[in-house]
Amino acid sequence: MARRRQIYEGKAKILYEGPEPGTIIQYFKDDATAFNAQKKGTISGKGVLNNRISEHIFTLLGQIGVPTHFIRRLNMREQLVRQVEIVPIEVVVRNVAAGSLSKKLGIEEGTQLPRTLIEYCYKDDALGDPLISEEHIACFGWATQDEMHDIADMAIRINDFMCGLFAGIGIRLVDFKLEFGRLYDGEYSRVILADEISPDGCRLWDMATNEKLDKDRFRRDLGGEVEAYQEVARRLGLLPEGLDTTVLDLDTHRKKREKD
């Protein structure tokens, strides 16, 4: 079997050349980082869970007409996606004050915002993904005005859908990060949703207890990261209730089967 050519390795995923032109294989890692990779660790099985959760959400978004790069899940850790040119902007959608917003503006964490807030950050780890305005984006040509209109419209639509999706399973969608990419057709391009949507890039709180079910458990040394990610997957119907033998790591599963 020919070795696949690696295109890029990020903090949470590896991208490989896809089987057909215009496709990429997205591999989900167990690596966990926080504070612009100043804190590093591993959450065993995280890649498997994020692959399933992101597949589920992207499939549902596609069904309501949101264009995405997702084609299909290939296996436990990999997805086949369309190759896009990533727009160098992280879009942060906030419904509730938390994280950097609370720290910067002195708003108590957990405060419901008067309206949904959309923030933009310049994608550059070395600079710490600084907060930018639409004026910065226009000035430096990171996206056109039409692209920004499409991005803002999709972000609001995605937020409305996901708030309802998570509320239906007793989870409060506090905030989340989105990335978009340009899909080219000859000389023309359109902006579509890319990257992933998972507990790595969302703040998800249990509605009854405010328990954190996301990467904040890693950021804040709360422990129980795997259980939190599993709980999100279970509530979304992606893991059988009460099943302790769910396969999250293929090597461990193989070794267990060999012993049996």
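Two strands are said to pair if DSSP finds at least two bridges between them, and strands themselves (E, at least two residues) are DSSP runs, like helices (H or I, at least four residues), numbered from the N terminus. The structure described here is a predicted model, in which local features need pLDDT of at least 70 and side-chain atom pairs count only at pLDDT 80 or more, while totals for chains, interfaces and linings use all residues. Residues are numbered from 1 along each chain as its sequence is written, and side-chain values use heavy atoms, with hydrogens and water left out.

**Strand β7 and its partners**

In β7, Leu80 is the bridge partner of Ile25. Strand β3 (residues 23–28) and β7 run antiparallel and are joined by five bridges. Strand β6 (residues 70–73) also pairs with β7 in the antiparallel sense, over three bridges, and Arg73 stands opposite Gln79 of β7. Four residues lie between β6 and β7 in the hairpin that they form. Strand β7 (residues 78–82) is mostly covered, since four of its five residues are buried, where buried means under 20% relative accessible area, exposed over 50%, and partly exposed in between (1.4 Å probe, protein chains only).

**Helix α1**

The expected span of a helix is 1.5 Å times one less than its number of residues. For the 18 residues of helix α1 (residues 46–63) the span should therefore be 26 Å, and the end C-alpha atoms are 26 Å apart, which agrees. Among the buried residues of α1 are Val48, Leu49, Ile53, Ile57, Phe58 and Leu61. An α-helix has 3.6 residues a turn, so residues three or four places apart point the same way. Just after α1, Gly65 takes a positive phi of about 95°.

Not counting residues up to four places away in sequence, Lys13 touches Tyr8, Gln26, Tyr27, Phe28, Lys29, Asp195 and Glu196, where contact means heavy atoms within 4.5 Å. With that exclusion of residues up to four places away in sequence, Leu113 touches Arg94, Asn95, Val96, Ala97 and Leu101. The C-alpha atoms of Leu113 and Arg4, which are 109 residues apart along the chain, are separated by 46 Å.
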